[in-house]
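Hi,

Here is the structure I promised to pass on. Have a look at it first, and then read my notes below.

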Amino acid sequence: MDQGAGAGQQRDRGRLGAPSSGTRAPGTPWARFSAWLECVCVVTFDLELGQALELVYPSDFQLTDKEKSSICYLSFPDSHSGCLGDTQFSFRIRQCGGQRRPGHVGEKRSDSWAPASLQREPAHFFGYVYFRQVKDSSMKRGYFQKSLVLLSRLPFVRLFQALLGLVAPEFFDKLAPCLEAVCNEIDQWPAPAPGQTLNLPIMGVVLQVHIPLRADTPEPGPPKQSSHETLLPAPVVLPSVHELDLFRCFRPVLAHVQLLWELMLLGEPLLVLAPSPAVSSEIVLALTSCLQPLKFCCDYRPYFTIHDSEFKEFTTRTQAPPNVVLGVTNPFFIKTLQHWPHILRVGEPKMSGDLPKQVKLKKPSRLKTLDTKPGLYTAYTAHLHRDKALLRRLLKGLQKKRPSDVQTAVLRRHLLELTQSFIVPLEHYMASLMPLQKGIVPWKTPPQIRPFRQDDFLQSLERAGPQLTCVLKGDWLGLYRWAAHRRGPGLLRPVGAHTHPSAHGSPQPPPPCPDRRFFKSPHFDGWYRQRHREMTQKLEALHLEAIYSLSSAQNIEIWMKDKSEVEVVDLILKLQERLVRAQGHQLPVKEATLTRARLYIDTAIGSLPKDLQAVLCPP
């Protein structure tokens with residue numbers, strides 16, 4: 001696949017060579033490429049083998065046999081879809097065999113600044129597919145069938161769909177040489193740094209994208225260049241790297257969007273049966289995005305088939321359905337997953353000017369046949385009232401031919417307000433568990449965050465719950481209590497196995513609630529872990545600031561006068577450990593504080609006997 005005139009390094013990158021470990025340090029071949037993609041796959045249809053993996057590029061990227069099988073089956077629509085022409089969709093698979101590519105420091109640092117929902121997936125791959133099926137008399141089956149697949153850990157569905165839209169048609173004409181050139185161009189892209197607006201050249205076109213920062217307002221909009229950035233004009237500006245057209249995805253279920261939001265919030269298992277992988281994957285991704293800014297921590301599969309290696313795991317009747325949103329196109333799943341509590345079936349999308357016929361709420365008992373009509377089959381009763389004003393506004397927008405992106409902004413803002421209304425009381429209660437700053441002193445271990453007590457939180461809702469501030473009415477308190485006290489998939493869980501870094505950096509179990517239960521939904525488990533980690537880091541940063549407040553090396557010498565060697569050594573070890581964490585950008589500490597802390601460490605070490613100095617500060 002060499003292009004001859006390139007440098008030796010260019011040839012080495014494309015050559016079929018010895019397998020690598022999968023980890024690429026900055027500055028090595030394919031390091032920039034792997035900041036965006038793991039690899040590019042080409043899947044074709046073989047008369048004898050069925051779907052077959054024709055090509056993986058870069059060729060040294062390792063996939064297990066199970067991963068290869070999953071990619072092959074998920075890269076083609078199943079026989080029930082009948083997709084002709086070009087189709088784009090996506091899938092998500094579990095990585096097999098442990099983490100093979102842990103990522104370098106730059107990637108981890110970027111993730112720490114990215115919104116939780118846009119961080120790299122450490123245990124899953126996203127597959128972005130461009131499938132072409134057209135009549136071709138030269139083929140034995142009479143059809144040309146091939147898929148180009150981008151495999152990544154980043155949930156940048158909109159960016160990668162746009163990239164495939166440019167690359168795939170050209171690839172199907174020119175094949176391998178085109179693919180090598182594209183991969184080499186991607187290997188020149190800057191890293192996806194949060195907060196930056198980037199120009200990404202590809203095949204003579206420049207894609208301009210903004211990588212969201214955690215502090216950004218979670219609202220759709222075109223990229224905005226910072227005043228210090230000097231970017232070239234770009235002909236293709238993507239309004240988002242990840243957000244889909246939410247209004248288009250939810251058109252057949254707009255009447256039930258709040259009920260679906262509640263099901264997603266509670267981590268309920270949901271089967272989505274759609275007519276094609278494109279519709280299936282878009283609805284599943286739309287559902288998982290409706291909780292933003294809360295990260296969707298349950299499992300989800302935008303497109304899933306009976307050939308998937310986890311088919312038995314998801315369809316077993318020996319235990320409760322897993323917390324997963326499953327997108328399928330094979331009606332066989334209706335029969336196989338009749339025991340699931342919530343099933344959504346949608347028909348062929350109709351893009352006329354009027355609002356399409358809305359699916360009806362139906363009891364699960366009516367879910368008996370493979371030709372079941374479209375509908376949302378569930379026994380769940382929504383706690384919040386349907387927002388009729390929202391539906392009227394969206395319908396009026398259709399009548400006035402309002403652009404879809406404007407309709408999406410209205411819908412996304414509504415879902416954002418719902419999530420924020422639900423989360424704000426949790427944030428306020430969690431903040432109340434933070435120790436007072438006056439209790440943080442330089443010569444003592446920072447105080448612990450107080451335990452989260454479920455009963456105290458539920459009592460706080462009566463005087464500060466969303467029912468007092470949110471325009472949307474309904475049984476908000478009932479939603480919290482139902483989520484907190486139900487059995488099966490829900491919000492409470494034992495926490496004995498959870499760990500978080502203590503003030504000394506060693507794993508310790510978070511303080512449990514009195515009844516040994518805690519919020520059980522994976523969403524809230526993820527939220528609690530993240531908030532507890534951030535609060536712990538804040539405490540450690542405040543402790544360093546308290547040490548900084550000693551103001552001079554003379555003051556620390558005065559402090560050490562009546563302290564034993566053990567106490568001085570303990571302070572040195574704590575400061576050294578915090579410096580290591582802070583320098584790795586894991587603590588929100590100013591550089592001036594770090595400089596002063598280094599001075600204190602040197603002063604404290606200098607006060608000790610020579611033998612201890614040699615141990616604490618080896619040459």
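Let's start with Phe457, which is buried, its relative accessible area being 0%. This is a predicted model, by the way, so please read everything below as computed from it. Tyr480 is buried too, with a relative accessible area of 3%.

Aromatic rings turn up a lot here: searching the whole structure gives 25 aromatic pairs. Phe126 and Tyr128 make a stacked one, with 6.2 Å from centre to centre and 25° between the planes. Both Phe126 and Tyr128 are buried. And how are the rings of Phe457 and Tyr480 arranged? Their centres are 5.8 Å apart and their planes stand at 75°, which is over the 60 degrees needed, so this pair counts as edge-to-face. Phe457 belongs to helix H14 (residues 454-464) and Tyr480 to helix H15 (residues 476-485), so the pair ties together parts 23 residues apart in sequence. The two also belong to one aromatic cluster, made up of Phe422, Tyr429, Phe452, Phe457, Tyr480, Phe524 and Tyr528.

One more ring to look up is that of Tyr300: the charged end of Arg92 sits over it, 4.2 Å from its centre.

Now for the sheet. It is open, has 6 strands in the order S10-S11-S9-S12-S14-S13, and its pairing is mixed. At the edges you'll find strand S10 (299-301) and strand S13 (361-362), each pairing on one side only. Strand S9 (residues 270-273) runs parallel to strand S12 (residues 342-345), and the two pair over 3 bridges.

Helix H8 (residues 257-265) touches S9, strand S11 (324-328), S12, S13 and strand S14 (375-378), and its direction makes about 45° with that of S14. Helix H9 (residues 277-289) touches S9, S10, S11 and S12, with about 160° between its direction and that of S11.

Last, the nonpolar cores. Which residues have the most contacts inside the largest one? They are Trp36, Leu159, Phe250, Trp261 and Phe422, in a core of 110 residues. Neighbours within four places in sequence aside, the contacts of Trp36 include Leu159, Phe160, Trp189, Pro190 and Ile211. There is also a second, separate core of 23 residues, with Ala541, Trp559, Val568 and Leu571 among them.

Over to you!

Methods:
Residues are numbered from 1 along each chain as its sequence is written. This is a predicted model: local features need pLDDT of at least 70, side-chain atom pairs count only at pLDDT 80 or more; totals for chains, interfaces and linings use all residues. Side-chain values use heavy atoms; hydrogens and water are left out. Two strands pair if DSSP finds at least two bridges between them. Helices (H or I, at least four residues) and strands (E, at least two) are DSSP runs, numbered from the N terminus. Contact means heavy atoms within 4.5 Å. Axes are lines fitted to C-alpha atoms, for helices over the stretch in contact, and angles run from 0 to 180 degrees between N-to-C directions. Rings of Phe, Tyr and Trp (its six-membered ring) pair if their centres lie within 6.5 Å; planes under 30 degrees apart count as stacked, over 60 as edge-to-face and the rest as tilted. Buried means under 20% relative accessible area, exposed over 50%, partly exposed in between (1.4 Å probe, protein chains only). A charge sits over a ring if NZ of Lys or CZ of Arg is within 6 Å of the ring centre and within 35 degrees of the ring normal. A nonpolar core is a set of buried Ala, Val, Leu, Ile, Met, Phe, Trp, Tyr and Cys residues joined through side-chain atoms within 4.5 Å.
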